[in-house]
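Let's take a friendly walk through one protein structure.

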Amino acid sequence: QVQLVESGGGSVQAGGSLRLSCTASPDIYRRNCMAWFRQAPGKEREGVAVIYTPNGNTWLGDTAKGRFTISQDYAKSTVYLQMIGLRPDDTAMYYCAADCRSDRVSVYLTWNNYNYWGQGTQVTVSS
């Protein structure tokens, strides 16, 4: 069983920054993919960023490109999502996910490709 614990969410003004953390147990080096998704009220869960933990390769969703960065720290068994230039439409619950079922890059940002989920951390961006 894999446990994922997110932290780092909060309320910021537009243009601000946040860094989300996802700590995995057992260690992230045992995983293949780890990812961040988000879901706003009334909207579908959206893939934000993915990291392939064995080699650190990353992929970003269209809304994240140029503003968000995903990274990992093996020693802390933690994956981070650094977000800058936040906008009100970034407001959502952000979820960490682990263990992709398919290693096809085309489905890395698809929510039903993951076996484990955290409880989520809320990000609210005000204008």
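## A charged residue on the inside

Keep in mind that this is a predicted model. Start at glutamate 6, which you can find in strand 1 (residues 3–7). Is this residue buried or exposed? Glutamate 6 is buried, and yet it has no salt bridge. Arginine 45 is the nearest side chain of opposite charge, and it sits 7.8 Å away. A salt bridge would need the charged atoms to be within 4 Å.

## What glutamate 6 meets instead

Which backbone atoms lie by the side chain of glutamate 6? One is the backbone nitrogen of cysteine 96, 2.8 Å from a polar atom of that side chain. Another is the backbone nitrogen of glycine 120, at 2.9 Å from a polar atom of the glutamate 6 side chain.

Leaving aside residues up to four places away in sequence, glutamate 6 also touches several others, including Ser21, Cys22, Trp36, Tyr94 and Thr121.

Now move to strand 4 (residues 33–39). Because 6 of its 7 residues are buried, strand 4 is largely enclosed by the rest of the structure.

Strand 4 runs antiparallel to strand 5 (residues 46–52), and 6 bridges join the two. Across this pairing, methionine 34 stands opposite isoleucine 51. The two strands form a hairpin with 6 residues between them, and glycine 42 in the turn has a positive phi of about 80°.

Strand 4 is also joined by 6 bridges to strand 9 (residues 92–100), again in an antiparallel arrangement. Here phenylalanine 37 has tyrosine 95 as its bridge partner.

How values were computed
Residues are numbered from 1 along each chain as its sequence is written. This is a predicted model: local features need pLDDT of at least 70, side-chain atom pairs count only at pLDDT 80 or more; totals for chains, interfaces and linings use all residues. Side-chain values use heavy atoms; hydrogens and water are left out. Helices (H or I, at least four residues) and strands (E, at least two) are DSSP runs, numbered from the N terminus. Buried means under 20% relative accessible area, exposed over 50%, partly exposed in between (1.4 Å probe, protein chains only). Lys and Arg count as positive and Asp and Glu as negative; His and the chain ends are not counted. A polar contact is a pair of N or O atoms within 3.5 Å; within protein, one must be able to donate a hydrogen and the other to accept it, and residues adjacent in sequence count only if both atoms are side-chain atoms. Contact means heavy atoms within 4.5 Å. Two strands pair if DSSP finds at least two bridges between them.
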